[in-house]
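Please look over the sequence and the structure below before reading the numbered points that follow.

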Amino acid sequence: GSEMCIRDRSVNVMQKNLVHIPYANRDHVIGSVLNATFSVIGQTNLTDGATIWDYSKAQFLHPFFIAPLGIYRDSCGNVIEEANVPNAIRGYLDATRVNSPICLDEGSDIEAILAPYKYKTYTPLCKFSIGYSRIDPMQTAMQNVIRTQIERRVRLDIKMQTAISYLLGELVCNIQEHSKASFGYLYTQYLPSENTLYVAIGDNGLTIYGSYLHSKREDYLEAIGQSEAAAIRLSTEGKSTKPYAPELRGYGISTNSEMIAKGLGGAFFILSGGAFHRRDAKSSDFANLPPSIHWDGTLILVKIPLNQRPDFDVYKYIVH
């Protein structure tokens, strides 16, 4: 089903716009590396013509830099070429499929597609239709691959396995139920040097703010006003846009962010439209972005340390 991802890369030489890919190797506070991502996106959006991404300065690309950039590239419609790509970076870009997502559709043999990745440290950037009827098997296959990848290096206890499965299941479900998107995207990478799992999941649909507007609930509209950050805050408080279950967990964000930040000492980041939320063990921030920065849809980044925490009780977060 990958043919639906291919688009014409032919360009007119006279129109090419050169953009340098920065040395984006660190995400010192979760989401901070997106400054580099948006620098590339902003420069790419300056022209209607073709853009060349120059990788001559790139030595290592952080998963939270390259996954959102891959999602942007696939959905933006711009013609993008590459130049001066170091061999190691070329191998990484090709292997992770961030420049040509694997499209999962009704005819896809998910297990066969993902099987080779059991021996890697990442799952490729996958693009799935929101109407895709096999999303549950996709999640299961993805979880099995991730567990196998990690357990080749470190043993995961059942509590950690359950936490990862719950996180992926909830976040994919959110896209299906709330985003009105055409596609969702999912990418994961395990960094053995940090014993940390990085998860990026995004969509091209309604923002969280847009979802609350779409609900037409007066109490929500009054609470968020003109503030996209206020809408994200509402979602972290478990306020759902589902008309039949207004006080359920909503976006799954409230439970997941608490489990990751408080329970596991990790970090959780949401970028939706023109606002973001960042949460780790020490702080929780909500902010509206300057007008020049906007994500078309919602992007969630999750950093999960996999060191064993004997006091971690996953059921404290997922059983209500």
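**Notes on charged side chains**

1. Lys127 lies in strand β5, which covers residues 122-129 (strands, E, are DSSP runs of at least two residues, numbered from the N terminus). This is a predicted model, in which local features need pLDDT of at least 70 and side-chain atom pairs count only at pLDDT 80 or more, while totals for chains, interfaces and linings use all residues. Residues are numbered from 1 along each chain as its sequence is written, and side-chain values use heavy atoms, with hydrogens and water left out.

2. Lys127 is buried, at a relative accessible area of 8% (buried means under 20%, exposed over 50% and partly exposed in between, with a 1.4 Å probe and protein chains only). Its side chain makes a polar contact with the side chain of Asp74 at 2.8 Å (a pair of N or O atoms within 3.5 Å, where within protein one must be able to donate a hydrogen and the other to accept it, and residues adjacent in sequence count only if both atoms are side-chain atoms).

3. Nine salt bridges are counted, each being a side-chain nitrogen of Lys or Arg within 4 Å of a carboxyl oxygen of Asp or Glu. One of them joins Glu82 and Arg90 (2.7 Å, N to O); Glu82 is partly exposed at 25%, and Arg90 is partly exposed at 27%. Arg73, Glu82, Arg90 and Asp94 are linked in a network of salt bridges.

4. Glu151 and Arg155 also meet in a salt bridge (3.4 Å, N to O), where Glu151 is partly exposed at 27%, whereas Arg155 is exposed at 61%.

Methods:
Helices (H or I, at least four residues) and strands (E, at least two) are DSSP runs, numbered from the N terminus.
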